[in-house]
Amino acid sequence: MTTTASATTAPVADARALGLAHYAARGVLEHVLARHGATFQQQVALRAAVTADAPQTPDDLVTQVRGSLKADPADIRATLDELLAKQMLVADGAHLRPTDAGRELIAAVGAETAPISARIWGGMSAEDLAAAGRVLALVTERANAELAALTA
C-alpha cells in the first residue's frame, strides 16, 4: 500500500493543535489590542455590546462573555467596570451602551487585524475551511457539554 507524503505529514487535529492555533491567533490580536491599551477580555466584552441587537444589561454582557471565554463572572464584571472607567461603555439606566470611543476601538482593531487575518486564512480551499468549521463547531459543542457536566 502506498501513501502520499501529504497523508503521512499532515498534522492530526487534536486538543494541542487547536490550542496552538488559538494562542497563535490570540497573540496576534493581543498585540494589536495592546497598541490601543485594551485587553483581550475587554475587547470581547466591548464587541458583545457593540454588536448586540438591543441594549444589554451588565448581566446580559456577563452571560455572553462567560459563554465565549468561560471566565469568572466577577472577572467579567471587573472588565465591564474597566470599560466604563475608560469611557468605552456608558451606563444608560439599567443598560450599558458602547460609546463612540468604544465603537471606534472595535472598528480600529477590526481594520488593523483584517489584512493579518487575510494573510493567515488566505490560500485555504473552501473545502478545507468548511471541514475545519464543522470540526471546530463539533469540538466546541462537545467541550461545552463536558464543561456543563463538570460544573453541574
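Predicted model: local features only at pLDDT ≥ 70, side-chain atom pairs only at ≥ 80, totals over all residues.
Me: How many helices and strands does the protein have?
Reply: There are 7 helices and 2 strands, where helices (H or I, at least four residues) and strands (E, at least two) are DSSP runs numbered from the N terminus. The order is α-α-α-α-α-β-β-α-α.

Me: What does the C-alpha trace span along its principal axes?
Reply: The spans are about 70 × 40 × 25 Å.

Me: Turning to α6, where does the kink lie?
Reply: A kink of about 35 degrees lies at Ala114, shortly before Pro115. The bend is the angle between axes fitted to the seven residues ending at a residue and the seven starting there.

Me: Which residues of α6 are buried?
Reply: They are Gly102, Leu105, Ile106, Val109, Thr113 and Ile116; buried means under 20% relative accessible area with a 1.4 Å probe, protein chains only. These residues pack against α2 (15-35) and α3 (40-51).

Me: And Thr99, buried or exposed?
Reply: Thr99 counts as buried because its relative accessibility is 17%. Thr99 lies in the loop between β2 (95-98) and α6. Leaving aside neighbours within four places in sequence, Thr99 is in contact (heavy atoms within 4.5 Å) with Gln87, Met88, Leu89 and Val90.

Conventions: Residues numbered from 1 in each chain as written. Heavy atoms only, no water. Buried < 20%, exposed > 50% of the residue type's maximum accessible area, 1.4 Å probe, protein only.
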